Amino acid sequence: MFGLVDCNNFYCSCERVFNPALRTRPVVVLSNNDGCIIARSNEAKALGIAMGAPFYQAKAMLEANKVAVFSSNYTLYGDMSRRVMMMLADFSPELTQYSIDEAFIDLDGFGTGEALREYGRQIVSAIGRGTGIPVTLGIAPTKTLAKVAAHYGKRYKGYGGVCIIDNEERRAKALSGLPIGEVWGIGRHNAARLESQGIKTAWNFALLGEALVRQLLSITGARTWRELQGENCIDINELPQKKSICTSRSFADSGLSARWQLEEAVATFASACSRKLKEQQACCASLTVFAYTSRFCTGQPPHCINRTAQFDVATNDTQELVSTAVNALRADWRGDGKHNYKKAGVIAWNTCPASAVQGYLFDHTDRARQARLATAIDAINRKNGHDTVKVATLGTGMGWKLKREHASPHYTTDIHEIIKVKA
């Protein structure tokens with residue numbers, strides 16, 4: 001049996017942990033630059049606040065309903081996620097983190113039926129007491145069915161935070177009430193294709209023959225179909241790597257007009273792509289840099305920067321990616337002060353596993369020295385904190401600082417922002 005532990009309304013829950021007054025009050029969290037609503041508490045959802053709604057459009061409604069509004073605080077959210085995962089590791093011999101607020105745990109050998117449900121309640125209770133984050137646990141014979149169980153556990157309080165699918169009757173009932181678009185691994189486009197064929201629910205999908213599933217959704221869809229039958233066949237670690245990695249951001253107010261500001265931002269994005277490539281043990285052979293002015297600004301001519309660079313040898317080296325990205329930006333630059341760039345980003349694509357990089361006969365880079373330097377820098381940063389040592393082009397970030405007018409403190413990661421208690 002597998003368990004899927006899912007933190008409820010995670011970003012909002014993190015904000016509530018350190019402010020008890022918010023526990024019954026509607027809460028929303030905004031995206032970068034306070035642009036859109038990206039997280040809502042259950043109370044906010046009940047008010048009809050839409051996911052992705054622009055903040056400026058919803059602002060009057062939020063104020064009228066006394067909704068607590070927060071800028072995204074990813075440092076806090078990441079640390080709270082780490083705390084949840086550390087506690088979960090005490091309850092299972094095997095834990096696989098799937099996202100910032102989800103993890104699969106192996107529950108084989110922890111009983112069946114009510115005994116397993118009781119163990120699940122202990123997990124939910126312990127995480128809630130230890131971190132303040134409410135979680136839901138879905139338990140089933142496969143990871144996909146565990147996601148289905150968690151879906152119901154979140155929506156119905158009667159489950160007490162723990163929903164189990166452990167027999168045929170429960171499987172059929174759960175799948176019959178689940179829209180096909182809610183099935184893990186189906187995706188929006190595949191859901192639309194299946195719905196056009198009259199397949200509206202997960203149960204409709206489970207009743208298809210495997211040959212038809214392969215015809216409609218290929219072998220990946222067939223694995224999802226087999227998981228819904230109760231056959232465990234998906235290993236999180238074997239899921240395909242991303243073909244490309246994009247790091248981008250919109251800039252506050254009118255945007256950036258100075259070259260050094262945009263270079264600093266692009267360098268930071270390239271560094272982030274390098275980190276993500278290393279996390280999935282991959283390298284990229286192509287890098288694209290883009291930046292463009294706002295299409296709504298009529299006071300200046302529009303301009304778009306879009307340049308792609310190819311690497312002779314696929315790489316994930318931070319210095320190589322940063323220097324390449326900055327040079328690509330400079331090649332298309334149009335002069336300081338003439339344009340205000342509203343958004344920029346870096347895309348690392350044409351990826352391959354780091355263990356299968358094709359060499360180049362005329363490569364002049366000392367790859368061994370480059371790797372030793374990168375390893376040393378990574379070790380220093382792990383020990384002393386993120387970006388303790390970094391490429392100078394990354395600067396301080398002050399030239400393109402994010403708009404965060406509703407930021408909460410870094411309660412757990414900054415000694416100057418910890419909670420002070422007066423006795």
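How many of the five residues of strand β6 (residues 102–106) are buried? Five of the five are buried, so that β6 is mostly covered, where buried means under 20% relative accessible area with a 1.4 Å probe and protein chains only. Strands here are DSSP runs of E with at least two residues, helices are runs of H or I with at least four, and both are numbered from the N terminus.

The model is predicted: local features need pLDDT of at least 70, side-chain atom pairs count only at pLDDT 80 or more, and totals for chains, interfaces and linings use all residues. Residues are numbered from 1 along each chain as its sequence is written, and side-chain values use heavy atoms, with hydrogens and water left out.

In a regular strand the side chains alternate between the two faces of the sheet. In β6, E102, F104 and D106 point one way, while A103 and I105 point the other way.

Strand β6 has a partner in β1 (residues 2–7), which runs antiparallel to β6 and is joined to it by five bridges; two strands pair if DSSP finds at least two bridges between them. Within this pairing, L4 has F104 as its bridge partner. Strand β5 (residues 95–99) is also antiparallel to β6, with four bridges between them. There S99 stands opposite E102, and a hairpin of two residues leads from β5 to β6.

These strands belong to an open sheet of five, ordered β5-β6-β1-β7-β8, with mixed pairing. From one strand to the next, the twist averages 20°. Helix α4 (residues 74–88) packs on the sheet and touches β1, β5 and β6, contact meaning heavy atoms within 4.5 Å. The direction of α4 makes about 155° with that of β5; axes are lines fitted to C-alpha atoms, for helices over the stretch in contact, and angles run from 0 to 180 degrees between N-to-C directions.

A further packing involves two helices. Helix α6 (residues 143–155) packs against helix α10 (residues 210–228) at about 65°, their axes 7 Å apart. The pair is therefore roughly perpendicular, a class that covers angles of 65 to 115 degrees. The contact is formed by K143, T144, L145 and V148 of α6 with T224, E227 and L228 of α10. By class, three of these residues are nonpolar, two polar and two charged; Leu and Val count among the nonpolar residues, Lys and Glu among the charged.

Terms used:
Buried means under 20% relative accessible area, exposed over 50%, partly exposed in between (1.4 Å probe, protein chains only). Angles under 35 degrees count as roughly parallel, over 145 as roughly antiparallel, 65 to 115 as roughly perpendicular and the rest as oblique.
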